[in-house]
Amino acid sequence: MAFIVAVATLLGASVVAAQTTRCPSWGVANGQGVTERDRAAVEPGVFTELSDAELRAVIAYLGRALKTEPALYRNFIHGAWLEVPPKSEVLNYLDNNGPKPQRRARAIVVMGASNPPVVQEVLVGPLPNPTQHSFALINRTATSLPFNLRPHSGADIPGQIYHLTSMAAVLKTFFREAFGAAYGDGCEPNCMYDNYATVGWLSDQIPRAVWLWFVRPLNTASDGNFLHPLPLQVAIAQNGQNPENWRIVKIWFWGNWFDSAEALAAEWANPNSKLRALKVKYPTGSEMLYSAFKQRPGPRRGERQPIGPIQFEPYGRRFTITGNKVSWLGWEMNVGNKPTSGPRLWDIRFKGDRIVYELSMQEEMAAYGGDDIVQSHTVFLDSHWGVGASVRELVHGVDCPLTAAYMDVVTLYKGMAAPVVHKNAICVFESDQNVAALRHYDYAFKYYGAVKSHVLTVRAVSEVYNYDYICDFNFYVDGTIEPRVQTSGYIQAAGGFRPYMRNKFGYPLMYNVSGSIHTHLIAWKVDMDILGTRNSINMHTIGLQKTTIPGLGLSVWNHKYDAKICEKEDETGIKYDANKPQFPVFVSENGPRNLNKWGSLRGYKFMPKSVMHNLIPEGEGWGAGLGFANWGFIATVRKDNEPDSSVIYSQADLAHAPVRLQTFVDGEAARNQDLVAWVSSGLYHIPISEDAPVTPTVYNHLGFMLVPFNYHNENAAMDMADRFQIDDQAPEEPPVQLYAYTDQPNKYQCIPSFDKVTFSKVWDAN
Ligand SMILES: [Cu+2]
């Protein structure tokens with residue numbers, strides 16, 4: 001009865017009886033939006049991600065060509081996605097009726113059968129029936145990387161389990177006495193289990209290691225394993241391809257370090273050991289709920305009215321989706337998703353003009369602090385762990401409003417044998433911002449004017465292990481674009497809380513369990529094309545000057561800005577400094593349409609939203625691999641061999657990262673060039689008890705805005721139909737829509753007809 005609730009909310013229940021007609025509806029495939037099957041029936045555009053059938057063709061082709069087999073000593077495919085053709089070919093096709101570029105896939109192949117084993121990327125084409133492949137550049141010069149930089153995948157897991165099982169055999173008594181649990185075969189009924197945190201380089205002798213932590217036994221009454229860590233962690237050196245040659249190099253138990261399972265077992269066997277005073281206290285009864293979404297004891301707020309206001313579309317949907325192309329009130333964009341770094345949009349146009357060629361998420365970093373192995377030595381690059389491969393089915397009415405339409409996503413990643421179809425993993429919806437975009441009440445001249453603010457959102461939610469990234473691209477009626485990420489999901493908790501940590505690393509959420517201080521940082525690529533590809537950065541630096549009115553004596557500081565075109569890439573970079581506010585504006589210095597009616601350069605301004613600074617020193621140790629975090633904004637000349645500011649392989653060796661944004665910035669002339677902006681936005685997260693069960697989206701926002709800046713002669717929203725003017729001279733105003741909901745129920749009201757979108761309960765396999 002959702003529609004009754006909606007109508008009642010807007011109108012009051014008394015007029016519900018007057019409703020007779022349903023609101024117009026729009027939809028395909030019975031409201032499920034664009035399914036994988038619908039999409040396969042449409043000729044793919046240059047930006048259309050690979051279909052299930054195309055990915056299967058790539059797997060089959062590479063299976064024959066490279067003799068693939070899922071093992072570390074064989075060649076195997078880690079993942080594959082659409083290789084968007086070179087920009088020059090795409091623009092020639094889109095803008096000049098040139099030939100349609102060949103459709104190809106890029107695949108990550110772990111070449112374990114090579115001598116020495118390496119990691120490579122191959123281009124496979126033409127799709128849908130590939131006949132050839134070639135090894136591709138991974139950065140500007142390399143077509144292969146050392147084996148220790150391989151992405152973590154299912155091929156690593158048997159070796160991990162082998163060593164943990166060997167360790168468990170030695171520590172059986174310790175596990176039983178310290179945790180009341182066992183690990184591996186015969187562990188029932190109190191099985192503890194392991195989670196891997198990350199992989200990394202430790203030394204020349206240990207070029208790759210994986211660190212893991214243990215989780216206490218859970219039963220069905222207690223969801224949320226991430227909040228139940230035991231104070232036990234392990235680092236396993238992963239030297240070479242044969243897991244029998246790997247070894248446990250460090251064990252951490254509640255602040256104590258051991259070089260082997262035998263050393264810990266021997267210490268525990270000593271009846272006078274100080275370790276024996278360390279007692280894990282498990283939650284009991286309703287305390288078990290702390291990591292779950294289950295109902296709490298006690299009254300529920302809003303019990304009698306458990307559903308709040310709901311929006312509906314009285315004239316039906318105002319956006320359309322064709323293939324992967326979304327259109328809405330003058331906006332057009334192509335929606336995609338890369339299994340590594342996540343959602344990506346292409347050829348974003350407003351009122352017919354291309355504004356952005358590529359707007360893509362590049363990296364999702366989380367850098368932790370603590371005094372154990374996992375907290376102290378983890379900087380996650382979540383592209384490695386598959387932000388795009390972890391987009392999940394969205395829940396209609398919760399993740400996206402009841403007016404949303406959905407798109408399926410298909411990914412191949414983490415060494416999966418077959419593509420994964422993520423049903424309804426991207427949603428598209430329009431919403432009322434419940435604030436006027438423009439408004440004024442004029443008491444002196446007796447009028448009111450306003451334009452309502454509506455926004456179109458393209459949303460995907462990525463659940464990367466414990467964390468949830470809600471990735472939005474918002475488009476406003478005035479031409480503004482807003483990429484935004486909100487974070488939720490479980491924090492990475494630390495087992496083995498000690499009181500001093502309250503003042504240093506994180507507060508407890510439960511007995512023995514605390515959160516860990518960390519920095520989130522998201523990096524985006526923005527390939528702006530303002531009135532063509534040749535753009536410059538007009539940097540606006542805000543400052544003050546002393547001004548005196550002649551003859552009046554008083555001297556005051558007043559505001560000014562210095563607008564200056566940046567000559568070189570380096571000048572465009574912004575490292576946030578509250579005492580030197582700067583706003584870069586993309587402009588076109590040449591061309592027939594580059595000035596607005598008032599003679600100003602038409603442009604788009606970059607506006608940061610979450611201003612912070614990555615504290616890990618640039619270029620020092622792991623900082624070398626975090627170049628994407630060095631600037632809040634920097635523009636460089638676009639190059640096909642500088643496609644991304646980060647790469648998944650950096651995870652395994654940040655200090656020797658194969659892609660570093662700082663190397664793109666080399667003093668090159670940046671005026672009248674095809675420019676790309678590399679943007680980062682972050683937040684510091686000190687976990688607290690309110691992070692249980694999960695981190696709230698309420699205040700955890702990251703992002704930026706791209707704002708029209710003298711691009712139009714006046715505000716671009718003034719042509720919207722839901723513009724309102726009320727004054728005494730114009731009785732025909734405002735337009736009927738303003739009162740449609742309340743004044744003439746029979747004529748303008750309708751019963752919302754929301755699509756029935758069901759949740760499949762087909763849980764993703766990985
Ligand atoms: Cu966080």
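**A copper site and a domain contact**

The four donor atoms around the copper ion subtend angles of 94 to 137 degrees, so their arrangement is irregular. For comparison, the ideal angle for four tetrahedral donors is 109.5 degrees. The model shown here is a predicted one.

Which protein residues supply the donors of the copper ion? They are Tyr467, through its OH atom, His518 and His520, each through NE2, and His685, through ND1. These donors lie 2.0 Å from the copper ion. Along the sequence, the spacing of the donor residues reads Y-x50-H-x1-H-x164-H.

Six residues of domain 1 and four residues of domain 2 take part in the contact between them.

The size of an interface is often given as the accessible area lost when the parts come together. Here domain 1 and domain 2 bury about 420 Å² between them, with 64% of that area on carbon and sulfur atoms. On the side of domain 1, Leu72, Tyr73 and Pro117 supply 81% of the area buried against domain 2, more than any other three residues.

What classes of residue does domain 1 bring to this contact? Its side has five nonpolar residues, one polar residue and no charged residues. Across the interface there are zero salt bridges, while two residue pairs are in polar contact.

Terms used. Residues are numbered from 1 along each chain as its sequence is written. This is a predicted model: local features need pLDDT of at least 70, side-chain atom pairs count only at pLDDT 80 or more; totals for chains, interfaces and linings use all residues. Side-chain values use heavy atoms; hydrogens and water are left out. Contact means heavy atoms within 4.5 Å. Buried area is the accessible area (1.4 Å probe) that two parts lose on being put together, summed over both. A salt bridge is a side-chain nitrogen of Lys or Arg within 4 Å of a carboxyl oxygen of Asp or Glu. A polar contact is a pair of N or O atoms within 3.5 Å; within protein, one must be able to donate a hydrogen and the other to accept it, and residues adjacent in sequence count only if both atoms are side-chain atoms. Ala, Val, Leu, Ile, Met, Phe, Trp, Tyr, Cys and Pro count as nonpolar, Asp, Glu, Lys and Arg as charged, and the others, Gly among them, as polar. Donors are N, O and S atoms within 2.8 Å of the metal (3.2 Å for Na, K and Ca); water is not among the atoms, so sites may look incomplete. Four donors count as tetrahedral if all angles lie between 85 and 135 degrees; four count as square planar and six as octahedral if opposite donors are over 155 degrees apart and all others between 65 and 115; anything else is irregular.
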